[in-house]
Amino acid sequence: MPAIDPAMVAGIGVPFLGTILGSALVLLLKGDIKPLPKRILMGFAAGVMVAASIWSLLIPSMEMSGDLGKLAFLPAFIGFWLGIALLLALDRLIPHLHLGPLDQEPEGPHTNLARPQLMVLAVTLHNIPEGMATGMVFAGMLSGNGGITLAAALALSVGMAIQNIPEGTIISTQLRGEGRSKLRSFIGGVLSGAVEPLGACIAILTVGIAGGLLPYFLSLAAGAMLYVVVEELIPEMSEGEHTNWAVIAFAAGFTLMMALDVALA
């Protein structure tokens with residue numbers, strides 16, 4: 001099992017700090033965010049997640065499998081589809097609401113939970129693969145198995161924190177729009193991100209037990225994150241008018257995460 005050190009503790013906590021900061025904005029804003037700014041924030045978060053999936057997860061997964069020659073893609077291929085299957089199952093099993101129109105119907109199994117609780121579950125579902133990704137990368141860095149540097153791991157952690165800021169803002173302000181007080185909306189936003197450090201710790205323990213499967217775990221996290229992007233963020237950033245701004249925000253998030261990963265690697 002990889003040893004736990006202060007760098008890892010800080011690294012898995014930074015993304016959660018991003019959620020806290022984003023959720024805290026509800027204390028300053030009035031009501032829900034307007035549709036266009038919300039689409040822009042979703043586009044930015046989607047861009048960061050796509051870039052992180054490629055540079056921080058899929059490419060390292062294939063580099064670790066270089067001894068397989070032309071089949072070096074195989075662990076990434078298999079792990080990616082396992083991640084898709086995992087999120088597909090969670091999407092079906094966990095009742096939730098998308099962060100879109102307020103008149104939408106809940107998805108997943110029937111439940112008597114209130115709408116604000118269903119929205120928190122939706123963002124919690126988003127944060128599971130993000131926590132997994134952070135934990136997998138730090139576990140790989142500490143194990144020394146695959147050439148993942150501390151700088152590269154911190155780059156992913158910072159990138160996740162940056163995209164968690166708008167995500168925390170969206171969930172907390174939408175809870176406010178549902179009629180909750182500012183304080184309860186802030187707490188709901190924070191709780192939706194609490195699964196990230198938990199998911200990171202579970203990922204680190206998993207890699208510690210089966211470190212030889214790290215290339216599969218990295219690509220599993222990538223598949224899970226891209227499922228969230230394609231199933232949730234891209235459709236919602238593409239609704240309504242002026243969606244070109246959301247596309248520009250996607251490009252900004254993508255290039256920012258790409259630059260962080262390459263510059264700090």
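Me: What should I know about the numbering and the model before we start?
Reply: Residues are numbered from 1 along each chain as its sequence is written. The model is predicted, so local features need pLDDT of at least 70 and side-chain atom pairs pLDDT 80 or more, while totals for chains, interfaces and linings use all residues, and side-chain values use heavy atoms, without hydrogens and water.

Me: How many helices and strands does the protein have, and what counts as one?
Reply: Nine helices and zero strands. Helices are DSSP runs of H or I with at least four residues, strands are E runs of at least two, and numbering goes from the N terminus.

Me: What makes the buried residues of α9 line one face?
Reply: Buried means under 20% relative accessible area, exposed over 50%, and partly exposed in between (1.4 Å probe, protein chains only). In α9, Ala246, Ala249, Gly253, Phe254, Met257, Leu260 and Asp261 are buried. Looking down the axis of α9, they fall within an arc of 135°, so they line one face of the helix; the arc is taken from the directions from the helix axis to the C-beta atoms. Val262 and Ala263, on the other side of α9, are exposed.

Me: What covers that buried face?
Reply: The cover over the buried residues of α9 includes α2 (35-64), α5 (150-177) and α8 (214-237).

Me: Why is Ser219 called buried?
Reply: Ser219, which sits in helix α8, has 0% relative accessibility, so it counts as buried.

Me: Which residues does Ser219 touch, leaving aside neighbours within four places in sequence?
Reply: Contact means heavy atoms within 4.5 Å. On that basis Ser219 meets Leu58, Ser61, Pro75, Ala76, Gly79 and Phe80.

Me: What makes the Ser219 to Pro75 pair a polar contact?
Reply: A polar contact needs a pair of N or O atoms within 3.5 Å; within protein, one must be able to donate a hydrogen and the other to accept it, and residues adjacent in sequence count only if both atoms are side-chain atoms. A polar atom of the Ser219 side chain lies 3.2 Å from the backbone oxygen of Pro75. The Ser219 side chain also reaches the backbone oxygen of Tyr216, at 3.1 Å.
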